[in-house]
Amino acid sequence: RFLKSGAAFSAGSALTIAACSRTQQPRPGANTSATPRAGGELTCLLLTTTNNLNPVTNFQEGYQLSGVHVYDRLISTRPTLHFSNEYRLEAAQSVEQPDGTTIVFKLRPGMTYHDIAPVNGRAVVAEDIVATQKYVRDNPKAENSSFQTNSMNSVQAPDSQTIVFTLKEPNAYVFSGTQMANCGAQCIIPPEILDNLDTARPAGSGPYQLDSY
């Protein structure tokens with residue numbers, strides 16, 4: 001019904017994204033007799049207010065388009081937990097909190113970006129998360145940088161698979177949808193496209209890659 005009603009708007013933006021090899025887990029109660037297969041296309045019709053592909057500064061891009069389809073995040077509240085205090089591991093294989101102001105993530109092994117320029121299927125490394133966090137922190141146009149500016153004291157990558165966050169003080173909501181599970185501000189974006197993120201073709205490690213819009 002949402003998609004049908006959206007077609008009534010004269011101004012809209014159609015986004016077609018081609019699925020990558022990842023398959024999604026069936027929702028509880030779903031018919032699982034058929035064998036899932038990878039591939040196919042997802043077409044979204046949405047009313048947009050800007051021609052901007054930056055998920056950090058453009059709310060719709062971050063919360064409805066590339067931010068939730070093209071890019072991964074360390075943890076996620078999708079698809080039904082957004083703005084709650086529940087989360088699930090996504091790009092992270094594990095998370096530990098040895099004390100109230102230290103959070104340690106380990107990346108899932110074998111993660112790669114889409115096989116398109118300029119990343120060309122290279123491995124996702126911890127330094128990419130560090131670069132994105134600093135990009136959000138230093139971007140005055142960021143739609144939501146509350147974690148990076150108010151809670152994060154530092155972020156480091158001691159090795160290619162480990163990310164260590166140090167907080168300014170304990171944060172009871174650190175894993176919530178407005179903080180570390182935020183759709184736009186927590187995207188894992190390769191540094192190769194950070195300088196022209198407004199117009200660059202989104203290249204992430206998420207379940208879909210942008211085909212056309």
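This is a predicted model: local features need pLDDT of at least 70, side-chain atom pairs count only at pLDDT 80 or more; totals for chains, interfaces and linings use all residues.

**Entry 1: the whole chain**

With that term in hand, I looked at how far along the sequence the contacts reach. Of the contacts in the protein with a separation of 6 or more, 62% are between residues 24 or more positions apart. I then listed the secondary structure and found five helices and nine strands. Along the sequence I read the pattern α-β-β-α-α-β-β-β-β-α-α-β-β-β. For burial, I noted that 46% of the 213 residues are buried. The accessible surface came to about 11100 Å², and carbon and sulfur atoms hold 50% of that.

**Entry 2: the sheet**

Next I traced a sheet. I found it open, with four strands in the order β5-β6-β8-β7 and antiparallel pairing. Which strands stand at the edges? They are β5 (92-99) and β7 (152-159); each has a single partner strand, so one side of each lacks a neighbour in the sheet. From one strand to the next, I noted an average twist of 20°.

Then I went through the pairings of β8, residues 162-167. With β7, strand β8 pairs in the antiparallel sense over five bridges, and a hairpin of two residues joins β7 to β8. With β6, the pairing of β8 is again antiparallel, over five bridges.

I wrote out some of the partners:
- Met152 has Leu167 in β8 as its bridge partner.
- Ser154 has Thr166 in β8 as its bridge partner.
- Val155 stands opposite Phe165 in β8.
- Ile103 also stands opposite Phe165 in β8.

Is β8 largely enclosed or left open? I counted five of its six residues as buried, so β8 is largely enclosed by the rest of the structure.

**Entry 3: the helix across the sheet**

I turned to α4, residues 126-137. This helix lies across β6 (102-107), β7 and β8, and runs at about 160° to β7. I checked its span: the twelve residues of α4 reach 17 Å from first C-alpha to last, close to the 16 Å expected at 1.5 Å a residue.

Which residues of α4 are buried? I listed Ala126, Asp128, Ile129, Val130, Thr132, Gln133, Tyr135 and Val136. Their cover includes β6, α5 (146-151), β7 and β8.

**Entry 4: a closer look at Gln133**

I picked Gln133, which is found in helix α4. Its relative accessible area is 2%; buried means under 20%, so Gln133 qualifies. What does Gln133 touch, leaving out residues up to four places away in sequence? I found Phe147, Gln148, Met152, Val155, Phe165, Ala185 and Gln186. Three of these names were already on my page: Met152 is bridged to Leu167, while Val155 stands opposite Phe165. I also noted that Gln133 and Ile189 are 56 residues apart in sequence, and 9.5 Å apart in space from C-alpha to C-alpha.

**Entry 5: the cysteines**

Last, I searched for disulfides. A disulfide is a covalent bond between the sulfur atoms of two cysteines. I found zero disulfides in the structure. Cys183 is in none; the nearest cysteine sulfur to it, that of Cys187, is 7.6 Å away.

Methods. Residues are numbered from 1 along each chain as its sequence is written. Side-chain values use heavy atoms; hydrogens and water are left out. Two strands pair if DSSP finds at least two bridges between them. Axes are lines fitted to C-alpha atoms, for helices over the stretch in contact, and angles run from 0 to 180 degrees between N-to-C directions. Contact means heavy atoms within 4.5 Å. The expected span of a helix is 1.5 Å times one less than its number of residues. Buried means under 20% relative accessible area, exposed over 50%, partly exposed in between (1.4 Å probe, protein chains only). A disulfide is a pair of cysteine sulfur atoms within 2.5 Å. Accessible areas come from the Shrake-Rupley method with a 1.4 Å probe; for residues, only the protein chains shown count as cover.
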